[in-house]
Amino acid sequence: MTTHAIAYVEWHRFRPGDGGVSVFDYGSNQKELLGRVSNGGTLWLVTSRDKTPKRYHLAYKLVNCKAIPPEQSLFSGKEYDYVVRAQDWQQSRHFGYNDATDILRRLQFTSGRPMSEEAEIELRLRNIPELATEDVALLERLQHKIEDGRAVFISYSHEDDAFAAEIEHELRKRDITVSRDAVFLLPSNDWKKAILQEVMSTDSFVVLISPNSAKSRWVKREANWAVKEFKAHGLVKSITPIVLPDGGWDLFSELHCFQRWDYPEPERQQEEFDKLAKGIVLSRRAERGGYRSRLSEKDHR
């Protein structure tokens, strides 16, 4: 299994990117760097500016890292004792501007000391902590949001599972990442905690409207959370109520300020799902480019 770790790169070395790279070196004076990722691991890099409140940005992803002699690096051996280079430049990334703060606060790490126990994200990342499997999934979902579109959460009653599965299938065909409890919830998970965590990692929210969902305490709770986040300009950037054939729109007055989408008849489904996807997905997709970049832990600000 590939080891993933995360570290900090100072803001003055970061510039919003277009997704591609040609050469990436990361230098550090901490030997932990080599122990974490120098044998083909992946290194995620985060940066931040001096602002209050402080927000953090996912800056780079270095894939298939190998240790190289510092004198052969882009640093010319003058600054750092340890350097790794991304060998897979096609899968490595330089991300455009984004806000990863809330995702970072949810990282658990393999050490058993989660980010939630730290007051300062930057201080925790100075130790180049190793990421747990769940952490990698969070960061990869954020990568998809940055590069390809929105991550959509579907809130629904289990009695409407067939509709939820069909909507998920149609949106995935249109390259939209979809989360719902039937997909991400494992038998060993605390389902209440897992659902709320999944909701908090999405920015586009879909509510399936029906008499069944109107009776669901969890659908109501999720919908109210999404409306609150939307009005506060928080995590949720769009809300789409989908009214199923049995109706129930009058039972969701809290969503009446949003444009509803009626589940279509079979002969119109492809056309209508195209319209739904266009209303959800980001209009701009990342274009790939190439350049050289040297990155480091130095001069944290």
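Helix α5 (residues 161-173) packs against helix α10 (residues 269-280) at an angle of about 70 degrees, and their axes lie 10 Å apart. Axes here are lines fitted to C-alpha atoms, for helices over the stretch in contact, with angles running from 0 to 180 degrees between N-to-C directions. That makes α5 roughly perpendicular to α10, a label that covers 65 to 115 degrees, while under 35 counts as roughly parallel, over 145 as roughly antiparallel and the rest as oblique. The crossing of the pair is right-handed, that is, the near helix is turned clockwise from the far one by less than a right angle. On the α5 side, the contact (heavy atoms within 4.5 Å) is made by E166, I167, E170, L171 and K173. On the α10 side, Q269, Q270, F273, L276, A277 and I280 take part. Sorted by class, that contact has six nonpolar, two polar and three charged residues. Ala, Val, Leu, Ile, Met, Phe, Trp, Tyr, Cys and Pro go down as nonpolar, Asp, Glu, Lys and Arg as charged, and the others, Gly among them, as polar.

All of this comes from a predicted model, where local features need pLDDT of at least 70, side-chain atom pairs count only at pLDDT 80 or more, and totals for chains, interfaces and linings use all residues. Residues are numbered from 1 along each chain as its sequence is written, and side-chain values use heavy atoms, with hydrogens and water left out.

Zooming out, the protein has ten helices and 13 strands, taken as DSSP runs numbered from the N terminus (helices H or I, at least four residues; strands E, at least two). Of its 301 residues, 53% count as buried, meaning under 20% relative accessible area, with exposed over 50% and partly exposed in between (1.4 Å probe, protein chains only). Among contacts with a separation of 6 or more, 73% link residues 24 or more positions apart.

Helix α4 (residues 133-147) is mostly covered, with eleven of its 15 residues buried; among them are V136, L138, L139 and I146, but also D135, R141, K145 and E147. Its end C-alpha atoms are 21 Å apart, which agrees with the 21 Å that 15 residues should span at 1.5 Å a residue, the expected span being 1.5 Å times one less than the number of residues.
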